[in-house]
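Here is a friendly walk through the model you are about to see. Keep the sequence at hand as you read.

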Amino acid sequence: MKQNQPIEFTEALVPYTHAELAAKVAEKLTDSRFQHCLRVEQTSRKLAALNGVDQELAGITGLLHDYAKQRSDETFIKLIKTRGLDPALLNYGNGVWHGVVGAELIKDELRIYNEDILNAVRLHTVGAPYMPKLAQIVFMADFIEPKRDFPGVDEARLVTRKSLADGVRYQIQHTLTYLISQGAPVYPQTLATYNAWVGGVGTVPTK
Ligand SMILES: [Fe+2]
Ligand SMILES: [Fe+2]
């Protein structure tokens with residue numbers, strides 16, 4: 001893509017231009033949350049270039065990842081109950097739901113059915129023992145986008161630039177440590193992600 005040229009998506013991925021999709025995401029979010037999505041889009045594109053993943057696909061997924069973030073609890077609860085999703089989800093909250101359940105709203109409202117995109121959106125809140133590269137990219141872009149500011153974010157950026165898989169390990173360990181320090185419950189899939197990526201249970205990339 002040449003510099004200063006507007007990004008346009010191919011119709012094969014989503015039935016929208018970039019401007020159309022961005023407007024649809026903006027409509028459902030506060031401006032600050034939407035700006036975060038644009039930064040995650042850009043960071044996803046960069047990580048995709050570094051890791052041999054389609055930049056357009058990564059950008060779209062980054063832009064969409066928090067599409068459902070600001071919906072009501074009732075919306076998510078209804079979807080969990082009517083779509084045959086894991087009933088254990090009902091014990092958790094928006095932090096888990098906006099990814100795992102939010103993908104349903106992307107299908108319903110935006111008519112986007114690309115499973116690579118939907119799966120990466122689902123996994124951005126909880127991870128998984130096996131995460132395709134696209135899902136790893138969006139998971140990390142969300143964690144290290146330029147406005148993120150928490151102790152360790154610079155190290156997370158460095159680690160991720162060297163190795164996407166090491167970045168995933170860094171984030172999941174950081175998140176588990178935080179949840180436990182808060183005495184917060186841990187969604188079982190988040191724990192499974194930790195066990196696989198950090199605890200060495202199962203098969204995940206070593207580098
Ligand atoms: Fe999110
Ligand atoms: Fe996010």
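## The iron site

Along the chain, the donors of the iron ion (ligand 1) follow the spacing D-x31-H-x25-H. Donors here are N, O and S atoms within 2.8 Å of the metal (3.2 Å for Na, K and Ca), and water is not among the atoms, so sites may look incomplete. Which protein atoms fill these places? They are Asp-66 (OD), His-98 (NE2) and His-124 (NE2), lying 2.1 Å from the iron ion (ligand 1). Asp-66 lies in the loop between α3 (55-64) and α4 (73-82), while His-98 sits in helix α5 (residues 94-100), so this pair ties together parts that are 32 residues apart in sequence.

Asp-66 also coordinates the iron ion (ligand 2), and the two iron ions are 3.4 Å apart. Both Asp-66 and His-98 are buried, where buried means under 20% relative accessible area, exposed over 50%, and partly exposed in between (1.4 Å probe, protein chains only).

## How to read the model

This is a predicted model: local features need pLDDT of at least 70, side-chain atom pairs count only at pLDDT 80 or more, and totals for chains, interfaces and linings use all residues. Residues are numbered from 1 along each chain as its sequence is written, chains are lettered from A and ligands numbered from 1 in the order in which they are written, and side-chain values use heavy atoms, with hydrogens and water left out.

## The overall fold

The protein chain has 11 helices and 0 strands. These elements are DSSP runs numbered from the N terminus (helices: H or I, at least four residues; strands: E, at least two).

For 207 residues, a compact globule would have a radius of gyration near 17 Å, and the 16 Å of the protein chain agrees with that. This radius is taken over C-alpha atoms, and the globule rule is 2.2 Å times the number of residues to the power 0.38. Along the principal axes, the C-alpha atoms fill a box of roughly 45 × 40 × 30 Å. Buried residues make up 49% of the 207 residues.

## Contacts and a buried threonine

Of the contacts between residues at least 6 apart in sequence, 63% join residues at least 24 apart; a contact means heavy atoms within 4.5 Å.

For a local example, look at Thr-160 in helix α9 (residues 153-162). Thr-160 is buried, with a relative accessible area of 1%. Leaving aside residues up to four places away in sequence, Thr-160 touches Leu-47, Met-140, Ile-144 and Gly-167.
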